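Subject: Structure for you, with notes

Hello,

Here is the structure we talked about passing on. Please open it first, then read the notes below.

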Amino acid sequence: MSRKVTLYTLQWGDLPLETVCQKAREFGYDGLELGLPNHVDVRRTDPEYYQEIKDLLAKYDLELYAISTHLIGQAVCDKIDHRHQQILPDYIWGDGDPEGVKARAAEELIRTAHAAKMLGVDTVVGFTGSPIWAYLYSFPPVSEQMIEDGYREFAERFTPILDEYQKLGVRYALEVHPTEIAFDTVSAERALKALNYHPAFGFNYDPSHLGYQGVDYVDFIYNFSDRIFHVHMKDVYWSDKPMQVGVFGGHVTFGDPRRYWNFRSLGRGRINFEEIIRALNSIGYQGPLSVEWEDSAMDREHGARESCEFVKRMDFQPSAHAFDACFEKK
């Protein structure tokens, strides 16, 4: 049986959850990945609230495997500025004092683990932010101590969160992504090492964020075979020729045709999903394949529908026996 195909709801956060359920069922999805804060209020502690969410999904024959807190998680380790006010709920932003914002975001991540438990899921997907992302291009020169201090700060802020996750039997899956503490294979390994390989910490695998950087996104799966907690299916296109705007983005918006790379609807970019499925089979990943649909040049309903069809067509399970087993004489 192929893996379940789910739809991440953050890109549909302008719609009520029931409307998203209706559309996801119509598009052919097996379930949802609920995006916070739009579709789950983790400040709620009453079991009835979470039962209502489960009942709503069941009404449309949809399953739930993960909830996601990208926007909140970003604030835990970032250098906080006015940009964060645009993505954070007012109760997290507060008066905007950076340490206060980070503390409230950390508290919200712990509440999110409790919410996951109430919803019957064991995986929370999200971001971490990074205190050292601004040092990516090492000029003025960045010392190794500055980078080490950044990873130490990350560990100090996230370890107490992860300890609470472990107590609850919930895992935190960082989406490896530019602006996070882990954005390629080497920085992902360094993040794990900084946390002393905390058992509650792993990765949400999304090849789109690795491909345009020139990172071997299939090799990433094999490198972290025991830490792939969740998978996002998302495609990206990058050019074969030089463009006006390079890999860093040129201070232009996503979708600008002058860019070297842009996210695309599944099957319309350059990610080799055949090899990804084979690698996931090799490591024994049986979790959902969650479509995070992003394509600035396409209607989202058209894209979500075709992406569901693409993933279901592309996915397959490994063989139960070697193809040449029937050659042997009995």
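Contact here means heavy atoms within 4.5 Å. Helices (H or I, at least four residues) and strands (E, at least two) are DSSP runs, numbered from the N terminus. The model is predicted: local features need pLDDT of at least 70, side-chain atom pairs count only at pLDDT 80 or more, and totals for chains, interfaces and linings use all residues. Residues are numbered from 1 along each chain as its sequence is written, and side-chain values use heavy atoms, with hydrogens and water left out.

**Helix H2**

I start with H2, residues 47-59. Its buried residues pack against helix H1 (17-27), strand S2 (31-35), strand S3 (63-69) and helix H6 (98-119). Buried means under 20% relative accessible area, exposed over 50%, and partly exposed in between (1.4 Å probe, protein chains only). Which residues of H2 are buried? They are Tyr49, Tyr50, Ile53, Leu56 and Leu57. Seen down the axis of H2, these fall within an arc of 115 degrees, so they line one face of the helix. The arc is that of the directions from the helix axis to the C-beta atoms. An α-helix has 3.6 residues a turn, so residues three or four places apart point the same way. The face of H2 turned away from the buried side carries exposed residues: Pro47, Glu48, Glu52, Ala58 and Lys59.

The length of H2 also checks out. The expected span of a helix is 1.5 Å times one less than its number of residues. For the 13 residues of H2 that gives 18 Å, and the end C-alpha atoms are 18 Å apart, which agrees.

**The core**

A nonpolar core is a set of buried Ala, Val, Leu, Ile, Met, Phe, Trp, Tyr and Cys residues joined through side-chain atoms within 4.5 Å. The largest one has 98 residues. Leu32, Phe158 and Phe203 have the most contacts inside it. Helix H7 (residues 144-168) gives the largest share of this core, 9 residues. Leaving aside neighbours within four places in sequence, Phe158 is in contact with Val76, Cys77, Leu109, Phe127, Thr128, Tyr172 and Leu195.

**Aromatic rings**

Rings of Phe, Tyr and Trp (its six-membered ring) pair if their centres lie within 6.5 Å; planes under 30 degrees apart count as stacked, over 60 as edge-to-face and the rest as tilted. The structure holds 18 aromatic pairs. One of them joins Phe201 and Phe203, edge-to-face, at 5.7 Å centre to centre and 80 degrees between the planes. Phe201 counts as buried, at 0% relative accessibility. Phe203 counts as buried at 0% too.

Phe203 also pairs with Phe224: the ring centres are 5.1 Å apart and the planes are at 70 degrees, so this pair is edge-to-face. Phe203 lies in strand S6 (201-205) and Phe224 in the loop between helix H10 (217-223) and strand S7 (228-233), so the pair ties together parts that are 21 residues apart in sequence. Phe224 is buried, as is Phe203. One aromatic cluster is formed by Phe154, Phe158, Tyr165, Tyr172, Phe201, Phe203, Tyr205, Phe220 and Phe224.

Two arginines sit over rings. A charge counts as over a ring if NZ of Lys or CZ of Arg is within 6 Å of the ring centre and within 35 degrees of the ring normal. The charged end of Arg171 is over Phe229, 4.3 Å from the ring centre. That of Arg264 is over Tyr237, 4.3 Å from the ring centre.

**Backbone points to look at**

Most residues other than glycine have a negative phi, and most peptide bonds are trans. These spots depart from that pattern:

- Leu36 to Pro37 is a cis peptide bond, with omega near 0 degrees. Pro37 is in the loop between S2 and H2.
- Phe139 to Pro140 is cis, with omega near -10 degrees. Pro140 lies in the loop between strand S4 (123-126) and H7.
- Thr179 has a positive phi, near 85 degrees. Thr179 is partly exposed, at 27% relative accessible area.
- Asn196 has a positive phi, near 55 degrees. Asn196 is exposed, at 66%, and lies in the loop between H8 and S6.

Best wishes
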